[in-house]
Amino acid sequence: MKLTRRHLLAALPALGAAGLGAGFIRMLHGLDQGHFDPRAINTPLTGQPVPDFPTLPSLPDRPGLSRGDFQTVKQPVLLSIWASWCLPCMEEIPFLHQLAASLADATAPLALWGLCYKDQPTSAARWLDRAGHPFSRLGMDQDGQAAIDWGVSGVPETFLIMPDPQVGGRIVWHGTGSLTETAYQAHILPHLERRP
Amino acid sequence: MRLLFALCLLFLTIPPSLAVDTPDEMLPDPALEQKAQQIGQQLRCLVCQNESIEESSAPLAKDLRHIVRQQLRQGRAPKDIEAWMVQRYGEFIRLRPAFSAMTALLWLMPVLSLMVALLLARRLWHRSAPPAPLTAEERHTLDSMLKKD
């Protein structure tokens, strides 16, 4: 059979469909491995110094959160943005506890801090009483203004901040949605291992 | 039935409104308020991503509307307010993305597709042009062949 121009033209849609299929399979694979997130948003703060945000009070008897804390901390910080009214935050809390437990020893390579977004102190305290308190620092951002400085568009979101004495901490990763073991291993662990 | 009709009529008469529905959210100066709305209509709500912050009723959109108005009152220029937003949420927050290397293809696509269409149309036009008329010699040959039959 002779290959005519007509055959070639007819093959085009088939090739297009095959390409599209291959793309979808790659996307699904990436979804599984954690390096593709369909809900990912623009994260212009990645690679930037910790933003200027208003100093946040905490719940009674707990240390709050300010920009200065990122300047003095010696280890990387995992900052979790959460709220007591947020269901996916409930989903990620077991993993955060697991993480906090593994960080409990003195040579902790990571500090786990929290920023409570648009929440009442009483509701947040009740939630933490019930779910446990994995954060060594907690900022209560009741009006949500500090979260806007962090480019937060919803809860939960997570930031990884590496110590950088010159700029007072640098954001190296910003993720949306519940933090999972998969996301931790794909995005956070590599940064921690790269550290001398 | 009458009640249903009345209700329908009622809903039909609700004017299409922006999400800024509480007067305390609006600036007292109508000119400044209009400016705020113009800025807000160009900013994407990060929660309901196809709505502007002026249209969205998400709490974050309300906060951002408030910030736009607050900064306008402090005398900041619309350009600076947009830059403030882009610094936090990226170029994505602009409903009308700025022209840059990243967005060049997006902005130039209408011109490019028009050019391609014109080229294609020209080719088609030429192909469908009537064939050149017969020369005298060709006509003569044709006539003699037809006469033979």
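Is E33(B) buried or exposed? At 5% relative accessibility, E33(B) counts as buried. The points below take up its surroundings and then the rest of this predicted model.

1. **E33(B) and its partner.** E33(B) forms a salt bridge with R69(B), and the closest N and O atoms are 2.9 Å apart. R69(B) lies in helix α3 of chain B and E33(B) in helix α2, so the pair ties together parts that are 36 residues apart in sequence. R69(B) is also buried, at 3% relative accessibility.

2. **A second bridge from helix α3.** R65(B) meets E25(B) in a salt bridge, with 2.7 Å between the closest N and O atoms. R65(B) sits in helix α3 (residues 59–73) of chain B, and E25(B) in the loop between α1 (2–12) and α2 (30–41), so this pair ties together parts 40 residues apart in sequence. R65(B) is buried at 3% relative accessibility. E25(B) is buried too, with a relative accessible area of 14%. K62(B) joins E25(B) and R65(B) in a network of salt bridges.

3. **A bridge between chains.** Over all chains, the structure holds 10 salt bridges. One of them joins R88(B) and D149(A), at 2.9 Å from N to O. The pair crosses from helix α4 (residues 78–89) of chain B to helix α5 (residues 145–149) of chain A. Both R88(B) and D149(A) are buried. R88(B) has a further contact to check: it lies over the face of W84(B), 3.6 Å from the ring centre.

4. **Chain B overall.** Chain B has six helices and zero strands. Of its 149 residues, 26% are buried. Among its contacts with a separation of 6 or more, 45% come from residues 24 or more positions apart. The accessible surface comes to about 11,300 Å², and carbon and sulfur atoms hold 65% of that.

5. **A nonpolar patch on chain B.** F99(B), L105(B), L106(B), W107(B), L108(B), M109(B), V111(B), L112(B) and M115(B) make a nonpolar surface patch of about 890 Å². One member, L106(B), belongs to helix α5 (residues 104–127) of chain B. L106(B) counts as exposed, at 55% relative accessibility.

6. **Aromatic pairs in chain A.** F53(A) and F70(A) form an edge-to-face pair, 6.2 Å centre to centre with 75° between the planes. F53(A) is in the loop between α1 (5–33) and α2 (67–72) of chain A, while F70(A) is in helix α2, 17 residues away. F53(A) is buried at 6% relative accessibility. F70(A) is buried at 2%. W85(A) and Y117(A) form a tilted pair: 6.3 Å centre to centre, 50° between the planes. W85(A) lies in the loop between β1 (77–82) and α3 (87–102) and Y117(A) in strand β2 (residues 111–117), so the pair ties together parts 32 residues apart in sequence. W85(A) is partly exposed at 49% relative accessibility, whereas Y117(A) is buried at 5%.

7. **The ring cluster.** Ring pairs link F53(A), F70(A), W113(A), W150(A) and F159(A) into a cluster. The charged end of R137(A) sits over the ring of W113(A), 5.6 Å from its centre.

8. Q98(A) and E181(A) are 83 residues apart in sequence, yet 9.8 Å apart in space, C-alpha to C-alpha. Q98(A) lies in helix α3 of chain A. Q98(A) is partly exposed, with a relative accessible area of 44%.

Terms used. Residues numbered from 1 in each chain as written. Chains lettered and ligands numbered in written order. Predicted model: local features only at pLDDT ≥ 70, side-chain atom pairs only at ≥ 80, totals over all residues. Heavy atoms only, no water. Patch = residues over 30% accessible without salt bridge, like charges linked within 9 Å, V, L, I, M, F, W, Y side chains within 5 Å. Areas by Shrake-Rupley, 256 points an atom, 1.4 Å probe, with all protein chains shown as cover. Salt bridge = Lys/Arg side-chain N within 4 Å of Asp/Glu carboxyl O. Helix = DSSP H or I, 4+ residues; strand = E, 2+ residues; numbered from the N terminus. Buried < 20%, exposed > 50% of the residue type's maximum accessible area, 1.4 Å probe, protein only. Contact = heavy atoms within 4.5 Å. Phe/Tyr/Trp six-rings, centres within 6.5 Å; stacked < 30°, edge-to-face > 60°. Lys NZ or Arg CZ within 6 Å of the ring centre and 35° of its normal.
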